[in-house]
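Visitor: Please take one chain of this model and go through it closely, including its contact with its partner. Give the cut-off for each term as you use it.

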Amino acid sequence: MTDFELNINSDDELLIAAFKAGSQNAFNLIVRKYQKRIYMLIRKMVIDHDDADDITQEVFIKLYSSLNSFRGDSKFFTYLYKIAVNYSINHLNRKNKLAKRNSEFDETNEFHSFDSINDFSENADEKNRSEILKEAIETLPEQQRAVFIMRYYDNLSYEEISKILEKSVGGMKANYFHALKKIGTCLKKNKLFENVLHKI
Amino acid sequence: MENLSKDYSREELMQSIPDFINDKISDSELSNAVGKLIETDSQFKNEYEEVSKTLSFFEKSEFPEPPDNYFNNLPVRINERINPASSVSENSVMFQNFSKAWKYIVPALTVILIALFFILRQENSDPVLTNSGNMQSPLQQTGNSDKTGGEKQFVKKENLNTDQDKNLTDSEISTQKSNVMTIKKKTNISNYRNNEINSPDQIRIDFTTEKPVMENKKVSDNKLTYENIDSYKSYPDFADIFDLDESNEIEVTGETGIEESDLLNSIESDDVNLQNEFRDLSPADQQEILNILKETKI
């Protein structure tokens, strides 16, 4: 298949074969095909846009250097997801270590930011929900966060998640449940959550 | 029903609640077991309600989107990081290549220039006193080989120190003389006075220090030859004659066919002695010597 016959909807195998044959355009098509999903996954993991931007670029640069050695044992998307999740988890670990060095971690102070939210208008509800959402996800440990995002937002099966994280299926299921439990526990501590929930 | 629920542990059933809420349980038996437990177990039911609330909150909440055009620029920025050279124009690529090469060219040129500077400086240092009495740079020495050919005939072999030197031919003497690079005037003069030779390479023009024979002899019909030239050097007037530069050559004939006497001019102190001795002669003798010199076209 020549370059001009490839497009963003081409099969992953074709794009990879073209890339291995030397087609730079094939790699560009791979980037355009998966950039949004990878970015959103990473964004939900690390929350901050600038961090997500850096990690997204690094993921595709890593893909560029390693794609020639991809043998096709797993799905390409699983392979790409794995790179993205690992890079995100590594980033979070570095960030947590830095945060622990700079200040003491106190669980009771996790939702201090909610006290500052006083606007209860409809627009404020969306803004509040967004802020609460970010804060809630940030309370999760790295692995639980990854499982929750892949399961809830990307709708991946436990089998796929287990391949990506190289863990057991049962462990992934447990991770997902406990992630939801923890988020719910944290949300209940704030009355605003109750107000927002009622308006839903 | 209770038997069915025994196939699954309570923990496994509880962990299936989120999938049950979203209707994602593919196993129908598992789904039924969860439904049953929700209806019969109050604690299980509370867990079910809590998870429902949490999932409801997330359903209505959207994660913030990136800035506009972010995904249009992302592939370009990724390509720039992967292939920085391909993202610039040809001119800048050439400039980059040139600037990379410049890192090596500049130091190499610097080293070469410094080396040339030191080489040229050494070659242009300390001028050399030639046997014709002129100060020349070492670089000019190579051009004087013709003149040394005539000078060789003034060298008396019996004045050489070593036996080896005595057996030298005229051509060998000429060659050795041309090897003298840094003979200084004063050194040469002092060597003459001390009647010594510094090295075999350094052929010293050995003028006799004996009193001129003119005191006892008349220099009448004798032409100025190689044998009697020493006797004329004591005359003061000869000092001016002997003190010649390259442009004024003394043509002397003799057994060896001498045509030049540049060597006689290299010693300034002898001029004074010659002048003094010439003055000691009688006027008649002085005049005779001058006439002879004129006849020989000095």
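Guide: Contact means that heavy atoms lie within 4.5 Å. On that basis, 56% of the contacts in chain B with a separation of 6 or more join residues 24 or more positions apart. The model is predicted: local features need pLDDT of at least 70 and side-chain atom pairs count only at pLDDT 80 or more, while totals for chains, interfaces and linings use all residues. Residues are numbered from 1 along each chain as its sequence is written, chains are lettered from A and ligands numbered from 1 in the order written, and side-chain values use heavy atoms, leaving out hydrogens and water.

Chain B has 16 helices and two strands (DSSP runs numbered from the N terminus: H or I of at least four residues, E of at least two). Of its 298 residues, 38% are buried (under 20% relative accessible area, 1.4 Å probe, protein chains only).

One local detail sits in the segment after helix 16 (283-295) of chain B, where T296(B) lies. T296(B) counts as buried because its relative accessible area is 18%. Its side chain reaches the backbone oxygen of L293(B) at 2.8 Å.

Now the partner. Chain B brings 36 residues to the contact and chain A brings 49 residues. Together, chain B and chain A bury about 4,000 Å², 65% of it on carbon and sulfur atoms (accessible area, 1.4 Å probe, that two parts lose on being put together, summed over both). Of the area that chain B buries against chain A, F57(B), F58(B) and F63(B) supply 21%, more than any other three residues.

Three salt bridges cross the interface of chain B and chain A (side-chain nitrogen of Lys or Arg within 4 Å of a carboxyl oxygen of Asp or Glu). One of them joins the side chains of R151(A) and D19(B), at 2.7 Å from N to O.

On the chain B side, helix 2 (10-15), helix 3 (17-21), helix 5 (42-59) and helix 6 (70-82) each supply at least two residues that touch chain A. Helix 5 of chain B gives the most, with ten residues. By class, the side of chain B that touches chain A has 17 nonpolar, eight polar and eleven charged residues (nonpolar: Ala, Val, Leu, Ile, Met, Phe, Trp, Tyr, Cys and Pro; charged: Asp, Glu, Lys and Arg; polar: the others, Gly among them).

Note on methods
Buried < 20%, exposed > 50% of the residue type's maximum accessible area, 1.4 Å probe, protein only. Polar contact = N/O pair within 3.5 Å; in protein donor to acceptor, adjacent residues only side chain to side chain.
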